[in-house]
Amino acid sequence: MAITSPGDDHEAFTQWAISKGVQIKGIAPAHFPGRRLGMIATRTIKENEVMLSIPRAVMLTRDSIPPSFVEQFPEDTPNHGILAAFLTHADTDVLQDIEPWRKVWPSFRDFQDTIPLLWPDRLRASSSTSWSGPSLLPPSISGRWNSFRKTPAGADYESTYQNLLPQQEKRVRKAWEYVVSAFPETNPGTFAYYYFIVNSRSFYYVSSPGDESEDWNDDVGMVPFADYFNHVDDAPCDVHFDGKKYTFTAKRQHERGEEVYMSYGPHSNDFLLVEYGFCLDDNECDSIFLDDIIFRELTLSQKKELASRDLFGNYEITSAGPTLSVEAVACLKYMRKGPWRKYLRDKTGSDPPTTARIIKSWIEAYLKECTTTIDIIESLLDLTKSPSPGSIPEFGSEQWKQERLAMLLSRWRQIERLCENAHAAVLGTAHD
């Protein structure tokens with residue numbers, strides 16, 4: 001594998017970071033073939049060795065921005081919006097100090113290629129868009145289905161890892177409204193670019209313990225050089241912020257030439273796609289949700305019973321099978337309330353084959369969605385390879401269409417495999 005240096009701008013940025021107090025020990029940015037930039041071990045790194053230390057003073061945070069700039073916004077303006085606004089509107093001489101860092105940031109085109117929020121409506125159709133055609137994004141992202149008509153849940157509940165795109169749209173829109181209240185002339189494209197620069201290069205940050213935001217998405221600060229790390233689930237890298245500095249410590253030995261990863265958190269591929277524009281080939285945290293499928297089959301009385309037991313919604317499936325809440329709601333489908341409540345306490349009284357049959361039917365409904373949407377995407381891909389006038393709506397170059405559609409197809413194939421594995425796991429449980 002031919003790993004290459006990322007170039008002079010990255011070398012200049014590395015020297016800038018060192019001059020600002022960043023301590024870099026045994027790692028460097030590198031180009032990996034067919035992939036993004038990443039961090040490489042330049043020598044053997046021993047277990048428990050600190051590879052990177054970044055002082056708070058070099059981070060870009062709400063606290064490091066000149067107070068005169070921050071004071072132009074209402075007090076409850078999201079930190080994310082203020083950071084993006086600062087990069088959009090700060091005086092050139094103020095931004096000059098971080099120019100070496102800015103030169104190594106991705107382009108807006110990079111984000112447009114990979115971030116669904118920046119795609120045309122036809123590709124990013126969600127429950128918050130008016131597009132009446134098929135939805136190509138997975139339901140956890142879009143909140144929409146192609147194989148059946150979604151019915152109301154009947155109650156509000158917190159679904160952090162569902163309806164991801166509408167949630168992101170809401171956060172961006174809120175930040176935008178605050179920013180244009182202070183800077184009415186703000187260019188939407190420029191703001192969007194810097195919003196995703198912040199989104200893709202931020203780490204957890206609060207001014208002091210106890211200052212956490214109501215929305216955890218807003219406890220952010222930009223951390224130079226650490227933004228080279230790529231993500232894997234169980235990365236052998238310990239990340240710690242003590243209020244004064246970020247430290248990155250090897251949890252095992254890394255050999256020279258090996259890529260060094262960190263973990264962005266235990267996230268599904270749908271979350272990673274929406275927030276960062278990529279999916280992992282192997283993601284132990286990947287999952288789907290059956291809420292919309294299950295809600296179609298529940299009575300109002302059953303929904304109330306589940307809500308009273310804190311079992312309403314977030315019915316998650318992984319490759320290993322269903323979570324306990326999925327099993328519980330399946331049991332409620334055929335058990336009387338008294339025995340079901342006893343089942344919740346001691347896990348007795350259920351009929352495992354019946355439970356498995358019900359869960360299998362829910363997974364099969366999701367598999368039908370996979371088949372339906374994969375067929376749609378494959379048809380669109382065929383059209384982009386041999387287009388005829390008016391055969392497919394225009395949303396960029398043919399290459400863009402193919403790359404985005406191929407990304408979506410790959411994601412749906414992952415979901416299909418996850419459903420098949422979960423289906424097999426349920427079958428195995430029924431036969432135990």
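**Reading strands, a helix and a core**

Biologist: Which residue of β3 stands opposite alanine 28?

Modeller: Alanine 28 has isoleucine 40 of β3 opposite it, and please keep in mind throughout that this is a predicted model. The strands concerned are β2, residues 27-31, and β3, residues 37-41, which run antiparallel and are joined by five bridges. In their hairpin, five residues lie between the strands, and glycine 34 takes a positive phi near 70°.

Biologist: What is the order of the strands in the open sheet?

Modeller: As a general idea, the side chains of a regular strand alternate between the two faces of the sheet. Here the open sheet has four strands in the order β2-β3-β10-β7, and the pairing is mixed. Its edge strands are β2 and β7 (230-231), each of which pairs on one side only.

Biologist: How many bridges join β3 to β10?

Modeller: Two bridges join β3 to β10, residues 259-262, and these strands run antiparallel. Across this pairing, methionine 39 stands opposite valine 260 in β10.

Biologist: Why is helix α3 described as largely enclosed by the rest of the structure?

Modeller: A residue is called buried when its relative accessible area is under 20%. Helix α3, residues 79-89, has 10 of its 11 residues buried, so the helix is largely enclosed by the rest of the structure. Among the buried residues are Asn79, His80, Phe86 and Leu87, and what covers the buried residues of α3 includes α2 (67-70), α4 (92-95), α5 (99-102), α9, α10 (188-201) and β6 (220-222).

Biologist: Which residues have the most contacts inside the largest nonpolar core?

Modeller: In soluble globular proteins, nonpolar side chains tend to be buried together. The largest nonpolar core in this model has 120 residues, and those with the most contacts inside it are Leu87, Phe248, Leu290, Trp362 and Tyr366. Helix α16, residues 352-385, gives the most to this core, with 13 residues. If we leave aside neighbours within four places in sequence, the contacts of leucine 87 include Leu60, Trp105, Tyr194 and Met222.

Biologist: Is glutamate 158 buried or exposed?

Modeller: The exposed class begins over 50% relative accessible area, and glutamate 158 counts as exposed because its relative accessibility is 67%. This residue has its place in the loop between α8 (139-142) and α9 (164-182), where its side chain makes a polar contact with the side chain of threonine 160, at 3.5 Å. Alanine 356 is 198 residues away from glutamate 158 along the chain, and 27 Å separates their C-alpha atoms.

Terms used: Residues numbered from 1 in each chain as written. Predicted model: local features only at pLDDT ≥ 70, side-chain atom pairs only at ≥ 80, totals over all residues. Heavy atoms only, no water. Pairing = 2+ DSSP bridges. Buried < 20%, exposed > 50% of the residue type's maximum accessible area, 1.4 Å probe, protein only. Polar contact = N/O pair within 3.5 Å; in protein donor to acceptor, adjacent residues only side chain to side chain. Contact = heavy atoms within 4.5 Å. Core = buried A, V, L, I, M, F, W, Y, C linked by side-chain atoms within 4.5 Å.
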